[in-house]
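Good morning, and thank you for joining.

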Amino acid sequence: MKKIAVSMMLIIALLATMLTACSTATQDNNSTDVFVIGGGGAGLVASITAAENGANVILVDKMPVIGGNTIISATGLTASDTKLHEAAGTPFTKEDHFKKTMDTSKNLADEKLVKLLVDSSNEAYEWLLTLGLKYQLDPKDPSWIIPEEGHYGAELVKALQAKAATLDKLEIRLETKATELVVENGKVVGAKVIDSDGKEQVILAKSVILATGGLNNAPDMIAEFNPKYAGVNTEMTTPGPTGDGIRMAQAIGAQLKDMEYFQMRPLSLNGYWFKEIIVNEEGKGGIIVNKDSKRFVNETLSPWDLAAEILKAQDHMAYVIIDSDVYNTPDGKKMVDKAKGVQANTIEELAAQLGLDQAALKATVDEFNAKNDAFGRTTTGKVTTAPFYGAITKPSNHYTMGGVAINENAQVLDKDGKVIEGLYAAGEVVGGLYGAGRVAGNNTLDDIVFGKIAAKHAIGK
């Protein structure tokens, strides 16, 4: 799933038009049936599902608006064996879906969770239709279901917020940060929060659902779980995902799974990412240089490894150098446009615009064009056709693969694999679904599938 950078001011403006006051649930002010922590896609789905099934629900989010990282989710939904596939005569079966997910995970994903995700995908898609959303197959990839119009994440959050506003049993409290889970006799019975006035409160509940997202805006935690990603950029995210749910779950003995795995984007800036094809395409790809104007890495490494190598460079950044043959591709133009790249008729002029040593960059490009490669590229490349282009890259984390371990009921497990009573999780806070790699669009699917599962099991449905 690609995530595009959406101006935070535009997001807030958009959501301000969406937000309507949800009626306060008929319950004690700080006591409820289901307490949902986090108001992104998974949290909203869980809250709506529980409230629709008769439960009193309080949802809190530390941000001033609802939406989480779902609001910037641009790809769409991955689902299989839907009516869209049937009507188009373009099959994408459950078997295809399962295999693609497991292959992308390097066979590290929990097969039971993946099967549940896949088997529930059509039901999730059909549920979205009940919200008034309209979709079509992506013409380039039949596994993706995309909006007929508009931005996937923004439209989804708008629809979820509109649905939430109709539910008397659902109360949403913004600018309210959960800080600690409350446990009594081995069961989670609520959580401590800091409310919008800065006061600490305890919200008690029969069940608590964590939906706090991943670590996209928690670079120190990313480095803690995988030191090779120290210095990672955090522009491909909204401000909210700072690992709160993972820390709270850790504190009560929850098991964490696959925490070393992150979906890194080595070529990234200003909240956008650019496909590695611009540096690794056979016969065409450009180069990556450091502040000394020298190549320092095999540009054809996997995205995870390429990101790690760039992060070792001075200031955790590098420069991408391409020629006009690469620029005249969708990805080349995107990089130059979104990363605010520069153009020049000579390599020396390009170096000057980038603030690099002119002679050193010219020598590096000449050596590369002479096919002298000391870094083991698996494809050849070139930087020969003027004009030339350059842009800064700062590797960013796109998605947190790991998180708290859950079972098929979305119940959080402890370090011994036993259920932590009263605690559930859904969304990017969960580990085990993706192993080392994620299929684009599965994450927006799992928000729905496991958000619903968590809610229903939490209220005994």
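**Salt bridges in the predicted model**

Lys 312 and Glu 309 both belong to helix α11, where a spacing of 3 residues places them about one helical turn apart. Please bear in mind that this is a predicted model. The two side chains form a salt bridge, with 3.0 Å between the closest N and O atoms. Of this pair, Lys 312 is exposed, at 62% relative accessibility, while Glu 309 is partly exposed, at 25%.

Elsewhere, salt bridges with shared partners link Arg 295, Glu 299, Asp 373 and Arg 377 into one network.

How many salt bridges does the structure hold? The total is 20.

I turn next to a pair between separate elements. Asp 110 and Lys 257 meet through their side chains in a salt bridge, at 3.8 Å from N to O. Asp 110 sits in the loop between α4 (94–104) and α5 (111–119), and Lys 257 in strand β10 (residues 256–257), so this contact ties together parts that lie 147 residues apart in sequence. Asp 110 has a relative accessible area of 22% and is partly exposed; Lys 257, at 26%, is also partly exposed.

The last pair is Lys 291 and Asp 315, whose side chains form a salt bridge at 2.4 Å, N to O. Because Lys 291 lies in the loop between β14 (287–289) and α11 (303–312), and Asp 315 in the loop between α11 and β15 (318–323), the pair ties together parts 24 residues apart in sequence. Lys 291 is partly exposed at 32% relative accessible area, and Asp 315 is partly exposed at 46%.

Key. Residues numbered from 1 in each chain as written. Predicted model: local features only at pLDDT ≥ 70, side-chain atom pairs only at ≥ 80, totals over all residues. Heavy atoms only, no water. Salt bridge = Lys/Arg side-chain N within 4 Å of Asp/Glu carboxyl O. Helix = DSSP H or I, 4+ residues; strand = E, 2+ residues; numbered from the N terminus. Buried < 20%, exposed > 50% of the residue type's maximum accessible area, 1.4 Å probe, protein only.
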